[in-house]
Amino acid sequence: MGGSVSISALIVGTALLGIFALASLSLSNSALSASEVLEDSTEEPEIRLLNASESNGTIHLNLTNAGDEIISFDQTWFSIDGTLPIRASDYHNQSTVLFPGETLHMQLTGTGFTTPTRLFVASMGGQSGVSFS
Amino acid sequence: MADGGASELIMLISGLLVAGIVTTLLVASWGGLANSVDTAQNQAEANSKTKAALASDPMQVSWDQPSCNLSLHIQNTGTLELFDGEIGIIANGTASTVNQTRLLGNSSVWTSGEVLELQVCPLGITMSAGQEITVTVIVRSEHYQGISGQYSFSEVIRLV
């Protein structure tokens with residue numbers, strides 16, 4: 001009978017250890033998922049308008065990607081003199097993205113602005129603005 | 001000898017009963033804890049995928065006092081779709097009414113990268129061109145794993 005008590009205690013103890021092991025595993029997975037969530041939260045792109053000018057109704061600008069994220073022109077919006085934002089990809093078809101470190105000369109035609117004073121760009125939280133020279 | 005066997009049997013049964021009760025309690029409490037952790041984790045995940053930012057020039061934001069109309073453009077910078085009908089705006093510390101919304105660029109849903117135009121009226125305040133105010137925007141996302149994400153940001157804007 002004494003042997004039965006010992007064996008029963010062993011079984012119960014093993015079961016409890018198993019439960020705690022599963023609990024620890026689950027907690028560990030939760031912590032891992034939480035850290036993945038934090039890693040997934042992308043950083044804001046660092047977009048920079050270097051300069052902008054206007055000539056015969058066409059707006060010329062130089063844009064650079066100063067960050068580590070690829071910037072999509074589908075998600076990049078220009079605003080001229082505080083007016084309605086216009087999507088960059090509607091005015092620029094030569095490339096679709098701006099790679100980190102890349103500087104691009106863009107021409108915006110057909111915007112309707114002849115004497116603009118300020119150009120602003122926003123892309124997924126990154127912002128930049130310049131005055132026309 | 002028989003008495004000793006009976007007492008050991010009682011001890012064995014008592015031990016097993018206590019262990020069973022303790023195990024049941026532990027499993028139940030762990031189940032509740034696991035659910036809480038899962039819910040909190042899903043909420044954190046939904047919130048981390050919900051983001052927005054100002055797309056219009058903060059230096060030149062259109063404000064018309066007579067018609068009480070502040071024009072804002074908000075870009076969905078997260079990965080989840082946002083509800084364009086569930087936006088909160090606080091302009092210069094005043095809760096504002098969103099009178100009209102419109103998605104730019106022929107979009108029908110406010111997905112990542114798309115811009116929503118808002119016509120906002122901060123109730124009962126007087127503002128003038130050149131004034132700099134703080135605007136707080138609160139957005140809400142579609143359901144992600146049964147939970148809707150929330151995000152808010154504040155930005156200083158100059159009225160024109």
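## A tour of chains A and B

Begin in this predicted model by selecting strand E8 of chain A, residues 118-123, which is joined to E9(A) by 6 bridges, the two strands running antiparallel. Within this pair, colour A:Leu119 and look across to A:Val130 in E9(A), which stands opposite; then move along to A:Ala122, whose bridge partner in E9(A) is A:Gln127. Follow the chain from E8(A) into E9(A) and you pass through a hairpin with 2 residues between the strands, where A:Met124 in the turn has a positive phi of about 50°.

As background, the strands of a sheet pair through backbone hydrogen bonds, in either a parallel or an antiparallel way.

Now turn to chain B and colour its two parts separately, domain 1 covering 1-48 and domain 2 covering 52-158. The C-alpha centres of these two domains of chain B lie 50 Å apart, and where the domains touch, 5 residues of domain 1 are in contact with 8 residues of domain 2. On the domain 1 side of that contact in chain B, the residues divide into 1 nonpolar, 3 polar and 1 charged.

With both chains shown, select the place where they meet, to which chain B brings 36 residues and chain A brings 33 residues. On the side of chain B that touches chain A, the elements giving two or more residues are helix H1 (2-48), strand E1 (52-54) and strand E3 (69-76) of chain B, and H1(B) gives the most, with 18 residues. Sorted by class, this side of chain B has 19 nonpolar, 13 polar and 4 charged residues.

Finally, look for the largest nonpolar core, which has 43 residues. In soluble globular proteins, nonpolar side chains tend to be buried together. End the tour on B:Ile74, which, leaving aside its neighbours within four places in sequence, is in contact with B:Ala52, B:Leu54, B:Ala55, B:Val115, B:Leu116, B:Leu118 and B:Val137.

Key. Residues are numbered from 1 along each chain as its sequence is written. Chains are lettered from A and ligands numbered from 1 in the order in which they are written. This is a predicted model: local features need pLDDT of at least 70, side-chain atom pairs count only at pLDDT 80 or more; totals for chains, interfaces and linings use all residues. Two strands pair if DSSP finds at least two bridges between them. Helices (H or I, at least four residues) and strands (E, at least two) are DSSP runs, numbered from the N terminus. Domain bounds come from an automatic or database domain assignment. Two residues are in contact if their C-beta atoms, placed from the backbone, lie within 7 Å. Ala, Val, Leu, Ile, Met, Phe, Trp, Tyr, Cys and Pro count as nonpolar, Asp, Glu, Lys and Arg as charged, and the others, Gly among them, as polar. A nonpolar core is a set of buried Ala, Val, Leu, Ile, Met, Phe, Trp, Tyr and Cys residues joined through C-beta atoms within 7 Å. A residue is buried if 20 or more other C-beta atoms lie within 10 Å of its own, exposed if 12 or fewer, and partly exposed in between; C-beta atoms are placed from the backbone.
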